[in-house]
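I wanted to see how two neighbouring stretches of this model hold on to each other. Notes below, in the order I looked things up.

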Amino acid sequence: MVKILIRWCLLAAVLLLIAHLYSGVEVRSFSAALGAALVLGLLNAVVRPVLVILTLPVTLVTLGLFLFVINALLFYSAAWLMDGLHVTSFGAALVASLIYSVFGLVVEAALSQIFRDS
């Protein structure tokens, strides 16, 4: 449970970092980032598997590159659902989702290392 809460806070911090580094994304506050990280997590857990299955033929034809579009769509949807997260365009959502995914992998690897040792 502690790992989930730490991961949630770190991913919210990643959203703030993305907003600071990339002008296509705006996050109003840390609480908005926490809400956005929660919404992104829920969308990735519930909607993403359905979209991946429904778009499997397109994903196979594009050799998996369509998964980037799905990630961008989910990021853009989270911004549409959240009042404190704003994404200027679908292209901005694509770039932001790529950055968010890379930092998410780093966060997950670090937390796995920390919680494996303790």
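This is a predicted model: local features need pLDDT of at least 70, side-chain atom pairs count only at pLDDT 80 or more; totals for chains, interfaces and linings use all residues.

I started at Ser97, whose side chain reaches the backbone oxygen of Leu94 at 2.9 Å.

I checked where Ser97 sits: helix H5, residues 90–117. Buried or exposed? I get a relative accessible area of 4% for Ser97, so it is buried, the cut-off being under 20%.

Leaving out residues up to four places away in sequence, Ser97 touches Phe68, Asn71, Ala72 and Phe75.

That sent me to H4, residues 66–81. Helix H4 has 16 residues and spans 23 Å from first C-alpha to last, close to the 22 Å expected. I listed its buried residues, and Asn71, Ala72 and Phe75 are among them.

Then I looked for aromatic pairs. How many are there? The count is two.

Phe75 and Tyr100 pair edge-to-face, with 6.1 Å centre to centre and 65° between the planes. Phe75 is in H4 and Tyr100 in H5, so this pair ties together parts 25 residues apart in sequence. Phe75 and Tyr100 are both buried.

Tyr76 and Phe90 are edge-to-face too, at 6.3 Å centre to centre and 70° between the planes. Tyr76 belongs to H4 and Phe90 to H5, so here the parts tied together are 14 residues apart in sequence.

Key
Residues are numbered from 1 along each chain as its sequence is written. Side-chain values use heavy atoms; hydrogens and water are left out. Helices (H or I, at least four residues) and strands (E, at least two) are DSSP runs, numbered from the N terminus. The expected span of a helix is 1.5 Å times one less than its number of residues. Buried means under 20% relative accessible area, exposed over 50%, partly exposed in between (1.4 Å probe, protein chains only). A polar contact is a pair of N or O atoms within 3.5 Å; within protein, one must be able to donate a hydrogen and the other to accept it, and residues adjacent in sequence count only if both atoms are side-chain atoms. Contact means heavy atoms within 4.5 Å. Rings of Phe, Tyr and Trp (its six-membered ring) pair if their centres lie within 6.5 Å; planes under 30 degrees apart count as stacked, over 60 as edge-to-face and the rest as tilted.
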